[in-house]
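Please take me through the reading of this structure, feature by feature.

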Amino acid sequence: MSIYDLVIESKFYNNDKIADFENNYDGLRVGVLGGTFDPIHYAHLATVEFIRCKYKLDKIIFMPSGDPPHKLWNITNKYDRYNMVLLAVAKNKDFIAFNTEIEKKGKTYTVDTLRHLKKNYPGAEFFFITGADAICDIEEWKDVEENFRLATFIAATRPGISLLRAQDQIEKLETKYNANIISVYVPSLDISSTYIRDQLKRGNSVRYLVPENVERYIYEKNLYGVGDE
Ligand SMILES: Nc1ncnc2c1ncn2[C@@H]1O[C@H](COP(=O)(O)OP(=O)(O)OP(=O)(O)O)[C@@H](O)[C@H]1O
Ligand SMILES: O=C(O)c1ccc[n+]([C@@H]2O[C@H](COP(=O)([O-])O)[C@@H](O)[C@H]2O)c1
């Protein structure tokens, strides 16, 4: 099957998962992983799977950013990033790709996304999952205090980010904003999208770092300079 057919098939499955969620969200514990996903990789998937099991979350929403306020370099076209997320979650009935931020005009802020989710799925409880790096910068986010009112935050350890610094920051945030933040040790996978982009640019393999269909998509669409001399 061509990669384009696989994207269409993944969209079709994803629409089914969304329809099922819309009919049954009441009372569910829902994890949300926001990210640029440029591209999505196995550390994203393994981290949320670990958290899903540990905190008995029913569903995980993958929320690719449309126009993230903090990424100042050129990021990949949002539809390509979204398609790669669709391919990555296709085979998991509990992982759902949402295009809320992709379809939003202007900069995309987490507080607007959480407001949208709370309004549309009022009986669900939301857990916003971030790596420890993101939690260290959270005071720069729009309406930081409201973010904490709308969701419980789960900060996952990440290689290269000092647990001590993250823990200090979490305690500070909890006191200052009366925030509910869970910090969780997840088995380390030292993978980042930056590393993957860099490997691809150098003509190196990213096999086993990203799902097979994501790798195929990257090559078919010549993303990250793979076809360049
Ligand atoms: N290896 C990892 N372990 C734990 N959390 C991760 C890991 N990689 C990414 N995350 C978390 O997943 C979320 C989305 O990450 P993002 O899409 O920015 O990927 P990234 O690998 O950090 O990208 P980049 O290298 O381009 O900054 C963030 O909260 C980030 O902290
Ligand atoms: O709302 C904000 O002001 C804000 C500022 C920086 C990052 N975020 C969110 O944090 C999540 C992880 O960001 P990133 O940089 O790792 O892709 C992603 O969902 C972003 O939209 C949100």
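Predicted model: local features only at pLDDT ≥ 70, side-chain atom pairs only at ≥ 80, totals over all residues.

Q: Which residues of helix 4 are buried?

A: A residue is buried if 20 or more other C-beta atoms, placed from the backbone, lie within 10 Å of its own, exposed if 12 or fewer, and partly exposed in between. Helices (H or I, at least four residues) and strands (E, at least two) are DSSP runs numbered from the N terminus. In helix 4, residues 110–120, the buried residues are Thr110, Thr113, Leu114 and Leu117. Viewed down the helix 4 axis, they fall within an arc of 95° (taken from the directions from the axis to the C-beta atoms), so they line one face of the helix. The face turned away from that buried side carries the exposed residues Lys119 and Asn120.

Q: What covers the buried residues of helix 4?

A: Contact requires the C-beta atoms of two residues, placed from the backbone, to lie within 7 Å. The cover of helix 4 includes strand 1 (29–35), strand 2 (59–64), strand 4 (125–131) and helix 6 (144–150).

Q: Where do the buried residues of helix 8 lie, seen down its axis?

A: The buried residues of helix 8 (193–201) are Ser193, Ile196 and Leu200. Their arc is within 60°, so they line one face of helix 8. Exposed Thr194 and Lys201 are on the face turned away from the buried side, and what covers the buried residues includes helix 9. Just after helix 8, Gly203 has a positive phi of about 80°.

Q: How is the packing of helix 3 with helix 9 described?

A: Two packed helices are described by the angle between their axes and the distance between the axes. Axes are lines fitted to C-alpha atoms, for helices over the stretch in contact, and angles run from 0 to 180 degrees between N-to-C directions. Helix 3 (78–89) and helix 9 (212–220) pack at about 150°, with axes 8 Å apart. The two are therefore roughly antiparallel (over 145 degrees; under 35 is roughly parallel, 65 to 115 roughly perpendicular and the rest oblique). Asn83, Met84, Leu87 and Ala88 of helix 3 meet Asn213, Val214 and Tyr217 of helix 9.

Q: At what angle do helix 1 and helix 3 pack?

A: Helix 1 (3–24) packs with helix 3 at about 70°, the axes being 9 Å apart. Helix 1 and helix 3 are therefore roughly perpendicular to each other. Here Leu6, Val7, Ser10, Lys11 and Asn14 of helix 1 meet Asn83, Leu86 and Leu87 of helix 3.

Q: Which peptide bond is cis, and which residues other than glycine have a positive phi?

A: Most residues other than glycine have a negative phi, and most peptide bonds are trans. A cis peptide bond, with omega about 5°, joins Asp38 and Pro39; Pro39 is in the loop between strand 1 and helix 2 (42–54). Asp143, with a positive phi of about 50°, lies in the loop between helix 5 (132–136) and helix 6. Tyr224, with phi near 55°, lies in the segment after helix 9.

Q: Are Asp143 and Tyr224 buried or partly exposed?

A: Asp143 is partly exposed, with 15 other C-beta atoms within 10 Å, whereas Tyr224 has 20 and is buried.

How values were computed. Residues numbered from 1 in each chain as written. Chains lettered and ligands numbered in written order.
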